[in-house]
Amino acid sequence: MTDTPATPPMRAAIIPVTPLQQNCSLIWCTRTMRGALVDPGGDLDRLKAAVAKAGVTLEKLLVTHGHLDHCGQAGMLAQELGLQIEGPHEADRFWIDRLGEDGGKYGMQAEVFEPDRWLQEGDTVTVGELTLEVIHCPGHTPGHVVFFHRPSNFAIVGDVLFQGSIGRTDFPMGNHQDLIDAITRKLWPLGNDVTFIPGHGPTSTFGRERQTNAFVSDYALS
């Protein structure tokens with residue numbers, strides 16, 4: 001008789017949204033089936049359908065940073081479903097305050113919102129019975145945060161790090177050195193076996209990026 005594998009405490013699904021194909025993540029606690037959407041930037045009907053298909057009860061919305069494709073419709077969804085928004089760090093208020101203006105530039109509907117809770121380094125957020133650590137990783141934007149579930153070796157990193165690349169730093173208030181420092185001093189110490197969902201494109205691991213990423217591999221920075 002073989003043992004059946006234990007159900008992992010957390011599951012995640014990626015739902016690309018907006019013309020910029022931003023990775024909105026649905027994460028949920030498998031014990032309670034309560035979950036959160038991380039970076040619900042648009043295509044709200046698609047997001048609600050994905051939540052229903054997974055059988056998840058949404059508890060809150062989480063935001064990594066204030067860019068349009070990541071949170072332009074977060075306030076609209078929160079209002080419609082009666083949910084709270086947690087994140088990003090308040091240094092991104094500048095970006096959230098201009099969501100309506102940026103939406104017009106990109107032909108996307110977006111609304112300014114006020115998070116119910118701004119997040120800081122060392123905070124935690126809960127989803128069902130899960131606890132995720134908040135890591136402040138400025139550089140792409142000054143208030144960018146990463147969500148890390150230590151028991152699963154799993155992170156949602158927004159536009160800090162991608163498979164083979166890193167976030168742009170040529171936007172207002174971007175800072176290339178801050179981004180490099182955040183990746184190497186805050187993310188790498190979490191371990192090579194951490195799997196991450198980036199803001200765009202395929203998933204990867206910190207270990208793979210330390211070996212192969214042209215911007216932040218150990219070789220590139222040596």
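Helices are DSSP runs of H or I with at least four residues, numbered from the N terminus. The model described here is predicted.

**Helix α5**

Helix α5 spans residues 99–106, and its residues L99, D102 and G103 are buried. Viewed down the axis of α5, the buried residues fall within an arc of 105 degrees, so they line one face of the helix. These buried residues pack against α2 (68–71) and α4 (93–96). On the other side of α5, residues E101, G104 and K105 are exposed.

Across the whole structure, a search finds four aromatic pairs. In one of them, the ring centres of W95 and F171 are 6.1 Å apart and the ring planes stand at 85 degrees; the pair is therefore edge-to-face, since planes over 60 degrees apart count as such.

The table gives the accessibility of the two partners.

| Residue | Relative accessible area | Class |
|---|---|---|
| W95 | 4% | buried |
| F171 | 23% | partly exposed |

W95 is classed as buried because its relative accessible area of 4% is under the 20% cut-off. F171, at 23%, is partly exposed, because this class lies between 20% and 50%.

Notes: Residues are numbered from 1 along each chain as its sequence is written. This is a predicted model: local features need pLDDT of at least 70, side-chain atom pairs count only at pLDDT 80 or more; totals for chains, interfaces and linings use all residues. Side-chain values use heavy atoms; hydrogens and water are left out. Buried means under 20% relative accessible area, exposed over 50%, partly exposed in between (1.4 Å probe, protein chains only). Helices (H or I, at least four residues) and strands (E, at least two) are DSSP runs, numbered from the N terminus. The arc is that of the directions from the helix axis to the C-beta atoms. Contact means heavy atoms within 4.5 Å. Rings of Phe, Tyr and Trp (its six-membered ring) pair if their centres lie within 6.5 Å; planes under 30 degrees apart count as stacked, over 60 as edge-to-face and the rest as tilted.
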